[in-house]
Structure formats: C-alpha cells, structure tokens
Amino acid sequence: LQLVYPDNHVDEIKASHLLEHFSFEEVLAALHEWRRVLKPGGSLILNVPDLAWCLLNWIASPEDQKFGYPLKTIFGNQANPGEYHKTGFTEDRLRYLLDQAGFTNIRIKTTWSHEQQCFIAEAQKK
C-alpha cells in the first residue's frame with residue numbers, strides 16, 4: 001500500500017470498515033503509510049468490527065442462522081471482489097497496532113455500525 005500523497009500532507013484520514021480487508025501482515029504497513037501522509041498532529045479515525053463480539057454473536061446464534069449474517073460479520077459479505085475480512089481486531093490489538101505505527105493520543109470506544117458492535121479509534125500523528 002502506497003498513497004500518492006507526499007509526507008505530512010493531509011489533515012485527517014477516515015477509514016470505515018476498511019482495515020479488516022487488509023491481511024494481518026498488511027495492517028501495520030497501512031497504518032505506517034497513513035501516518036506518513038498525515039501532517040504532524042493530524043488525525044486518523046478508524047471504524048472496525050469488534051472481532052470478539054462477532055465471534056460471540058456467531059456462537060450464540062441459532063444453528064439455522066449461524067451461516068447467514070453472523071458469519072458475514074466475521075469473514076465479510078463476500079458478494080463482490082474485496083469483500084473479504086482478512087483479519088480482525090480487539091480493542092487491545094487495535095491500540096497496540098496504532099502505538100506500533102507511531103500514533104499517540106489513542107482513544108477507542110465501542111459503537112454500533114453495520115448491525116454489529118464495532119470500535120471507533122481516533123489517534124494523532126506524533
């Protein structure tokens with residue numbers, strides 16, 4: 001992943017239900033790239049599914065519903081190319097990755113989005 005923007009160029013990046021579509025090996029690289037193009041003090045705002053909630057919801061679903069929407073919250077909708085989830089996030093994992101990518105002032109809260117529990121994470125470039 002390489003963006004066409006120069007270093008320290010953008011004020012804010014918002015990525016809603018995007019990061020889970022990168023492989024677990026690509027996530028940190030994407031975060032580093034987003035940090036690169038952000039101006040100092042710039043903001044990153046993420047919305048990602050809460051993997052633990054998705055798994056518990058799948059386990060708790062009746063057998064005749066498990067392989068519908070509850071499974072799609074884990075693996076993606078898969079109706080079109082790219083609609084596959086390649087990784088997932090807990091609050092601790094998301095905080096760790098943002099810290100490893102050099103973000104600071106990390107704030108994470110739960111929210112309801114796409115009919116599932118998710119995390120909204122906000123962080124700034126140091």
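1. Cysteine 118 is buried, with a relative accessibility of 0%; buried means under 20% relative accessible area, exposed means over 50%, and partly exposed lies in between (1.4 Å probe, protein chains only). Cysteine 54 is likewise counted as buried, at 1% relative accessibility. Cysteine 118 is accordingly in no disulfide, and the structure holds 0 disulfides, a disulfide being a pair of cysteine sulfur atoms within 2.5 Å.

2. The model is predicted: local features need pLDDT of at least 70, side-chain atom pairs count only at pLDDT 80 or more, and totals for chains, interfaces and linings use all residues. Residues are numbered from 1 along each chain as its sequence is written, and side-chain values use heavy atoms, with hydrogens and water left out.

3. The next matter is the sheet. An open sheet is formed by 4 strands in the order β1-β2-β4-β3, with mixed pairing. Strands (E, at least two residues) and helices (H or I, at least four residues) are DSSP runs, numbered from the N terminus, and two strands pair if DSSP finds at least two bridges between them. β1 (10-16) and β3 stand at the edges; each has a single partner strand, so one side of each is left without a neighbour in the sheet. From one strand to the next, the twist averages 10°; axes are lines fitted to C-alpha atoms, for helices over the stretch in contact, and angles run from 0 to 180 degrees between N-to-C directions.

4. Which sense does each pairing take? β1 and β2 are parallel and share 6 bridges. Strand β2 (residues 38-49) pairs with β4 in the antiparallel sense, over 7 bridges. Strand β3 (residues 103-113) also runs antiparallel to β4, and 9 bridges join them. In this last pairing, tryptophan 112 stands opposite glutamine 117 of β4. β3 and β4 form a hairpin with 2 residues between them, and histidine 114 in the turn has a positive phi of about 55°.

5. Is strand β4 mostly covered or mostly uncovered? Of the 10 residues in β4 (residues 116-125), 8 are buried, so the strand is mostly covered.

6. Leaving aside residues up to four places away in sequence, serine 43 touches Asp11, Glu12, Ile13, Leu38, Ala123 and Gln124, where contact means heavy atoms within 4.5 Å.

7. Helix α1 (residues 24-37) lies across β1, β2, β3 and β4 and runs at about 145° to β2. Helix α2 (residues 51-60) packs on the sheet and touches β2, β3 and β4; its direction makes about 175° with that of β4. Alanine 52 lies in helix α2 and is partly exposed, at 34% relative accessibility.

8. Finally, how many aromatic pairs does the whole structure hold? The search finds 3. Rings of Phe, Tyr and Trp (its six-membered ring) pair if their centres lie within 6.5 Å; planes under 30 degrees apart count as stacked, over 60 as edge-to-face and the rest as tilted. Phenylalanine 22 is in the loop between β1 and α1, and tryptophan 34 is in helix α1, 12 residues apart. Phenylalanine 22 is buried at 15% relative accessible area, and tryptophan 34 is buried at 5%. Tryptophan 58 and phenylalanine 67 form another edge-to-face pair, 5.9 Å centre to centre with 85° between the planes. Here tryptophan 58 is partly exposed at 23%, whereas phenylalanine 67 is exposed at 57%.
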